[in-house]
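Please view the sequence and the model first.

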Amino acid sequence: MAITIIAVLLFTHLCVAQKLEKQIVLPDYSKKLLLEGGVNLSVSVHEELYETHRAGIGINVRASIRISPKTELGIRGEYDYRFVRNISPDTTGTAIGRALHKNFSLFAIKPNVQFNLKKKWFLGLETGVGFAISDENNRIGLGFVPEYNGKAQFGSCSGLYLGKYFTAGTNQRKLGISLNLTNFVAKGHAENTLGLKFNYSFIK
């Protein structure tokens with residue numbers, strides 16, 4: 001008897017759920033995948049990295065969906081290549097010393113949330129993981145920074161950005177220009193960069 005009652009209740013529940021599912025219409029803003037990408041230009045703003053590696057250039061791609069008319073939830077993949085200031089040969093004879101005179105790369109994956117404000121302004125927050133590779137030695141990463149004590153391949157990467165969309169062409173595609181403050185954190189120490197992103201909205 002108990003099994004029969006449970007079966008009837010389950011059947012009733014499924015019938016009601018299917019009926020409700022047919023009645024629910026997803027809002028238009030939640031149906032489309034948004035995609036944008038472009039180039040990064042940045043400079044180091046923390047003292048240690050500023051003294052050794054200053055300018056950087058890179059690319060980024062961001063995919064997102066709208067979870068409300070003004071809010072997007074997404075993920076960004078990013079690559080930056082940072083150039084050394086002093087290209088003279090190292091005199092210390094160590095891998096860390098040589099890394100001070102070599103460029104390095106930083107790969108990052110960062111889930112983010114973006115708020116679309118009035119007059120095409122937008123504000124975003126993101127945090128994820130980063131992987132650094134020195135041209136001198138893959139295992140060093142950012143280990144040439146004294147606080148990292150010789151090795152810093154993996155770390156957390158976060159960012160805060162503010163920008164504005166501009167309409168480009170008759171198809172209403174948008175060019176987004178944003179000011180970005182980002183960091184790489186490992187072993188309790190953060191290295192920060194400040195830069196601009198120029199992103200074209202392929203699907204918006």
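Helices (H or I, at least four residues) and strands (E, at least two) are DSSP runs, numbered from the N terminus. The model is predicted, so that local features need pLDDT of at least 70 and side-chain atom pairs count only at pLDDT 80 or more, while totals for chains, interfaces and linings use all residues. Residues are numbered from 1 along each chain as its sequence is written, and side-chain values use heavy atoms, with hydrogens and water left out.

Q: Which pattern do the helices and strands of the chain follow along the sequence?
A: The chain has three helices and eight strands. Read in sequence order, they give the pattern α-β-α-β-β-α-β-β-β-β-β.

Q: What average pLDDT does the chain have?
A: pLDDT is the predictor's confidence in each residue, from 0 to 100. In the chain, 78% of the residues score at least 70, and the average pLDDT is 82.

Q: What percentage of the residues of the chain count as buried?
A: A residue is buried under 20% relative accessible area, exposed over 50%, and partly exposed in between (1.4 Å probe, protein chains only). Of the 204 residues of the chain, the buried part is 36%.

Q: Among contacts between residues at least 6 apart in sequence, what percentage join residues at least 24 apart?
A: These contacts are counted within the chain, between residues at least 6 apart in sequence. Those that join residues at least 24 apart make up 64%.

Q: Over how many bridges do β4 and β5 pair?
A: Two strands pair if DSSP finds at least two bridges between them. Strand β4 (residues 104-116) pairs with strand β3 (residues 71-84) in the antiparallel sense over twelve bridges, and V113 in β4 is the bridge partner of L73. On β5 (residues 121-134), F131 stands opposite F107. The pairing of β4 with β5 is also antiparallel, and its bridges number eleven.

Q: Is K119 buried or exposed?
A: Most residues other than glycine have a negative phi. K119 has a positive phi of about 55 degrees although it is not a glycine, and K119 is found in the loop between β4 and β5. The hairpin of these strands has four residues between them. Because its relative accessibility is 72%, K119 counts as exposed.

Q: What relative accessibility does K120 have?
A: K120 lies in the loop between β4 and β5. Its phi is positive, about 70 degrees, although K120 is not a glycine. K120 counts as partly exposed because its relative accessibility is 39%.

Q: Which strand supplies the largest share of the lining of the largest cavity?
A: On a 1 Å grid over the protein atoms alone, a cavity is a set of points where a 1.4 Å probe fits but cannot get out, and lining residues have an atom within 4 Å of a point. The largest cavity is lined by 25 residues, of which D80, R82, L106, T182 and T193 lie nearest its centre. At least two lining residues come from each of β1 (33-44), β3, β4, β7 (173-186) and β8 (189-203). The largest share, seven residues, comes from β8.

Definitions and conventions. Contact means heavy atoms within 4.5 Å. On a 1 Å grid over the protein atoms alone, a cavity is a set of points where a 1.4 Å probe fits but cannot get out, and a pocket is an open set with protein on both sides within 12 Å along at least five of seven lines; lining residues have an atom within 4 Å of a point.
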